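These notes are meant to be read with the model open beside them.

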Amino acid sequence: MQKCLCLGLLMLCFISSKAQEVQNTFTLSGYIKDAGTGEELLYANVFEKKQNLGSTSNIYGFYSLTLPEGTYEIEFSYLGYQTLFKTVTLDRDVELNVELLPNAQQLTEVIVSDKQEDHSVSEVGMSRLDIPLEEIKKLPALFGEPDLAKTIQTMPGVTSAGEGTASFYVRGGAADQNLILIDEAPIYEVSHLFGIFSVFNADIIKSAELYKGGVPAKYGGRLSSLLEVTTKDGNSKQFKAHGGLSTLLGRLALEVPVVKDKASLLVAGRRSYFDLFMGLSEEDSGDKISFYDLNLKFNYKPSNKDRIFLSAYRGRDLWNFDDDFTMDWGNTTTSFRWNHLFNERLFSNTTLIYSNFDYKLEDKTDVEGFKWEANQRELSFKEDLSFFVHPRLTLHTGYQGIYRIFSPGTITPNSSSSIFKPTTIQKQYALDHGVYLGADHQLSDRLALEYGLRLSYFQNIGKGTVFNYADPSDNINVEILDSTQYGRFENIKTFWNLEPRFSARYRINEEQSLKFSYQRMVQYIHLLSNSTVPIPFNTWAPSSPYLEPQLADQFALGYFRNFSNNQYELSVEAYYKKARDITEFADNAEVFFNEHIATEFRQGDMESYGLEFLLKKTKGRLRGQVSYTLSKAEVSIPTVNQDRAFPANHDRRHNLNLLMTYQLSDHWEFGGTFSYSTGRPITLPTGKYEFDGYIVDYFAPRNSYRLPDFHRMDISFTHRSKKNADRRFQVTKVFGIYNLYNRKNPFTIYTRVKQDEEGNIIGNGQEKEARLIYMFGILPYVSWNFSF
């Protein structure tokens, strides 16, 4: 891997020297920033009309444009900002940093985006969704808290497990098949309060992009999607604060210029206060439910060739039941990034990452008291290089190495009288490597490509013991033939795969284009869960002698068109995905605290395909989007469901979502959403039989029933006050209604012995009834927000 990286770097340097020799060219480069905050602007546009050549800034705000010797008028533009023109004479390499001013309009009329107006037609990537953060804040939200995860669930090709959950499923993939990054650090659990809120604080997000396909070669490790979230760097020019209070939580963010124009600090926090209200009740049962999260980001610019970033996140949930039983879980991440310019064309990003997800269960009673602790940790090193060969060709190469530690669980008794004994499930370890080479290549004004190749290499390593089972598929009568001991870092099992990536765009004219993409993704870590809805008490495991890596191939074809001077955007995408070695569990599997869980694994195939429609209106008083997805996802696992294929847990045939905002006046805005989807598949008992004196339920084939269809409408009204004399302080109030017509959307259905209203069993206790569980009825809410 190191040799490949060194070879890639030498190749880039060689190309750099040869490119300079071909003709007398020079490079204009620098950073593009917001003039008011000093924030680097992602994907800002740089264009030279005479040569008809241009470039865009990268995710760190850096741009590079190589032109023949001469004098040029360079155009710098960014949606929501004033266009800036600079006259530049290129008789040598020139370093030019520019600052763009926001449009001189009311802030309520400006939608800042990290994409150009015709990006849906012009950019090569397809199956990519740029999440409009300012629009999110104008839409109705559960309990008045804007939520990135909930907005993603309304996008085409994306489904949810049900109302009140933060997890999402992309094009037939499972929730654990999404790579979710905050400032390049992976997040393993996105939910707070079991999904009512997510870990994303909308106040501090700079950009968020969801890749459903066409994932660049620099990313790997998951099958279905990539959600890349970048937080704000912090205002380096002046102090800024913003926050608010909603129905269940409060939040505050501070941006501090440590050294003006050179260093800044961002500190943000959220905390729920539902537990405080519960404590004030006269009938306080001792139950406490709360969560908090903290974000910190420091950035420093010692020179124009170097940028240093330090980002950290910590989030915790705590459930306390009558002071006898507690549940505690959360994520902790830290990432250190160093951006360095070797020269005007060669850009480097070096990153160190730490991520930890852990959970605890504790029973504080004497006889049954115990503490269960588990975690999933990783330490990662990344080196990414970008070489701007020419305005029409950019090369990318890099390496990532990850050391993973899987700790499935440790049980510790709380007292000497506890019925539990100290028990530890064996830890597992892995080394995960990836090296890649990719290119952004514009062959002509009409045809542009993005292509690359990733080599992934995964090692399941010691220290540990691997059992040799007589029949690994027999989870009832486990028979161990022998075992093998492995020392620390000793190789147990090795896997490697080549992962090609390819995207193409053919521009029919200025308003429409055709796109195609193919990708192969490989996932070497597996979420061990037999629950339909992801819960934070699931554990992860590496690929091993009994668990093959998951692999998926996806093809997508799309048509994109803009209307009325880019006021409307239409896209239609069709996709087909075939995955193999998808992990499921045997029927009636024992998942929790099973030392021989390898005998519970079952792996098979998943096939999904669909058609996605998206129509957006991006200008004017009325803005919004309509999306519809027709899709199918089916799983086939040997020995599971009697070897018959069955719908995936998250298969929803029809999904329809409408989102809209309307500017009523300079200070009032209306927001509305409507969602409809086919009911989620479930498995229900259809009969009963007697076995050894017991009455046992007979279940229908897996996922052969569906919950009733889901639909819901939400509305909100947003009022923004006038700014005070110094034009800094502003208050925003939101009034909304969640589930306007009080639809009782089913979260799940369970069966029980038939009972009357007082809970008394009816008859002989043999007759059963189905019971519906739903999350939320009609919910009015108010939130208050400020900024200065």
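1. Lys150 and Asp147 are both buried, where buried means under 20% relative accessible area, exposed means over 50%, and partly exposed lies in between (1.4 Å probe, protein chains only). The two form a salt bridge whose closest N and O atoms are 3.9 Å apart, a salt bridge being a side-chain nitrogen of Lys or Arg within 4 Å of a carboxyl oxygen of Asp or Glu. Lys150 belongs to helix H4 (residues 148-152); helices (H or I, at least four residues) and strands (E, at least two) are DSSP runs, numbered from the N terminus.

2. Please keep in mind that this is a predicted model, in which local features need pLDDT of at least 70 and side-chain atom pairs count only at pLDDT 80 or more, whereas totals for chains, interfaces and linings use all residues. Residues are numbered from 1 along each chain as its sequence is written, and side-chain values use heavy atoms, with hydrogens and water left out.

3. What else does the side chain of Lys150 reach? It comes to 3.0 Å from the backbone oxygen of Ile196, a polar contact (a pair of N or O atoms within 3.5 Å; within protein, one must be able to donate a hydrogen and the other to accept it, and residues adjacent in sequence count only if both atoms are side-chain atoms). Not counting residues up to four places away in sequence, Lys150 touches Thr165, Ala166, Gly195, Ile196 and Phe197, with contact taken as heavy atoms within 4.5 Å.

4. Asp203 and Arg251 form another salt bridge, with closest N and O atoms 2.8 Å apart. Asp203 lies in the loop between strand S15 (197-198) and strand S16 (205-211), while Arg251 lies in strand S19 (residues 249-259), so this pair ties together parts that are 48 residues apart in sequence. Both Asp203 and Arg251 are buried. Through shared partners, salt bridges join Lys137, Glu145, Asp203, Arg251, Arg270 and Asp293 into one network.

5. The structure holds 37 salt bridges. One of them joins Glu450 to Arg128, with the closest N and O atoms 2.8 Å apart. Glu450 is in strand S29 (residues 447-461) and Arg128 is in strand S9 (residues 128-130), so the pair ties together parts that are 322 residues apart in sequence. Glu450 and Arg128 are both buried.

6. On the domain level, the protein is divided into domain 1 (2-106), domain 2 (119-228) and domain 3 (229-787), bounds that come from an automatic or database domain assignment. The centres of domain 2 and domain 3, taken over C-alpha atoms, are separated by 8 Å. In contact across this boundary are 83 residues of domain 2 and 132 residues of domain 3.

7. How much area do domain 2 and domain 3 bury between them? The figure is about 9100 Å², 56% of it on carbon and sulfur atoms, where buried area is the accessible area (1.4 Å probe) that two parts lose on being put together, summed over both.

8. The side of domain 2 that touches domain 3 divides into 38 nonpolar, 28 polar and 17 charged residues; Ala, Val, Leu, Ile, Met, Phe, Trp, Tyr, Cys and Pro count as nonpolar, Asp, Glu, Lys and Arg as charged, and the others, Gly among them, as polar.

9. Lys138 and Glu669 form a salt bridge with closest N and O atoms 3.7 Å apart. Thr718, leaving aside neighbours within four places in sequence, is in contact with Lys138 and Glu669, and also with His667, Trp668, Thr732, Lys733 and Val734. Thr718 lies in strand S47 (residues 710-720) and, at 1% relative accessibility, counts as buried.

10. Asn375, in strand S25 (residues 370-390), counts as partly exposed at 23% relative accessibility. The side chain of Asn375 makes a polar contact with the side chain of Arg377 (3.3 Å).
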